[in-house]
Amino acid sequence: MPTQEERLSAFEQTVTTLSRDIKDINHNETMLLGMSMKQGEDIREIKSNLASMSTKQGDDIREIRSNLASLGERLDTFGERLNTSDQSVNSRFEAQDKKLDQVLLLLNTFTAKPGQETE
């Protein structure tokens with residue numbers, strides 16, 4: 001059976017070993033706490049960035065929709081102008097056709113046909 005001196009020496013060694021282990025645990029715990037706090041800050045920053053990106057994206061989408069609507073209106077107006085222009089061109093051609101028909105009628109009236117005498 002160990003003597004009291006040996007038992008005390010073994011106890012002191014155990015306390016010293018446990019003390020070192022506790023210091024290591026405290027050190028690691030402090031490091032983990034610092035890392036978790038930093039990660040918490042990073043997560044808050046990421047959330048903030050995502051919220052601002054989402055807001056900006058929403059604004060961008062509204063602007064794109066507005067631009068597309070404006071473009072659609074401009075295309076509609078352009079199409080209406082083309083239709084009006086087409087109608088104008090068609091009516092001009094019809095007027096020219098009528099004039100040409102009149103000219104041909106006059107030419108036929110003034111030119112003698114073979115076998116007819118002119119006065």
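Colleague: What makes the meeting of the Asp 42 and Lys 38 side chains a salt bridge?

Modeller: The side chains of Asp 42 and Lys 38 come to 3.4 Å, N to O, and a salt bridge is called when a side-chain nitrogen of Lys or Arg lies within 4 Å of a carboxyl oxygen of Asp or Glu, so the pair qualifies. Please keep in mind that this is a predicted model, in which local features need pLDDT of at least 70 and side-chain atom pairs count only at pLDDT 80 or more, while totals for chains, interfaces and linings use all residues. Residues are numbered from 1 along each chain as its sequence is written, and side-chain values use heavy atoms, with hydrogens and water left out.

Colleague: How do you know how far apart Asp 42 and Lys 38 are in helix α1?

Modeller: Asp 42 and Lys 38 are 4 residues apart in helix α1, which means a separation of about one helical turn; a helix here is a DSSP run of H or I with at least four residues, a strand is a run of E with at least two, and both are numbered from the N terminus.

Colleague: Are Asp 42 and Lys 38 called buried or exposed, or something in between?

Modeller: Buried means under 20% relative accessible area, exposed means over 50%, and partly exposed is the range in between, with a 1.4 Å probe and protein chains only. Asp 42 has 28% and Lys 38 has 46%, so each is partly exposed.

Colleague: How many salt bridges does the rule give, and what makes the Lys 56 and Asp 60 pair one of them?

Modeller: The count comes to 3. In the case of Lys 56 and Asp 60, the N to O distance is 3.2 Å, and these residues too are 4 residues apart in helix α1, about one helical turn. Asp 60 has a relative accessibility of 31% and is therefore classed as partly exposed.

Colleague: What makes Arg 62 and Asp 59 a salt bridge, and why is Arg 62 called exposed?

Modeller: The side chains of Arg 62 and Asp 59 meet at 2.6 Å, N to O, and the two residues lie 3 residues apart in helix α1, about one turn of the helix. Arg 62 has a relative accessible area of 52%, and is therefore exposed, whereas Asp 59, at 40%, counts as partly exposed.

Colleague: What makes the nonpolar surface patch?

Modeller: The patch is made by Ile 64, Leu 68, Leu 71 and Leu 75 and covers about 390 Å². Patch residues must have over 30% relative accessible area and no salt bridge, with nonpolar side chains (Val, Leu, Ile, Met, Phe, Trp, Tyr) joined within 5 Å and like charges within 9 Å. Leu 68, one of the four patch residues, sits in helix α1, which covers residues 4-110, and its relative accessible area of 53% makes it exposed.

Colleague: Why is the protein called more spread out than a compact globule?

Modeller: The protein has 1 helix and 0 strands. Its radius of gyration (taken over C-alpha atoms) is 50 Å, well over the 14 Å given for 119 residues by the globule rule, so the protein is more spread out than a compact globule; that rule is 2.2 Å times the number of residues to the power 0.38. The C-alpha atoms fill a box of roughly 165 × 25 × 15 Å along the principal axes, and 2% of the 119 residues count as buried.

Colleague: Why is Arg 65 classed as it is for accessibility?

Modeller: Arg 65 has 61% relative accessibility, and so counts as exposed. Arg 65 is placed in helix α1, and its C-alpha atom is 20 Å from that of Phe 78, 13 residues apart in sequence.

Notes: Areas by Shrake-Rupley, 256 points an atom, 1.4 Å probe, with all protein chains shown as cover.
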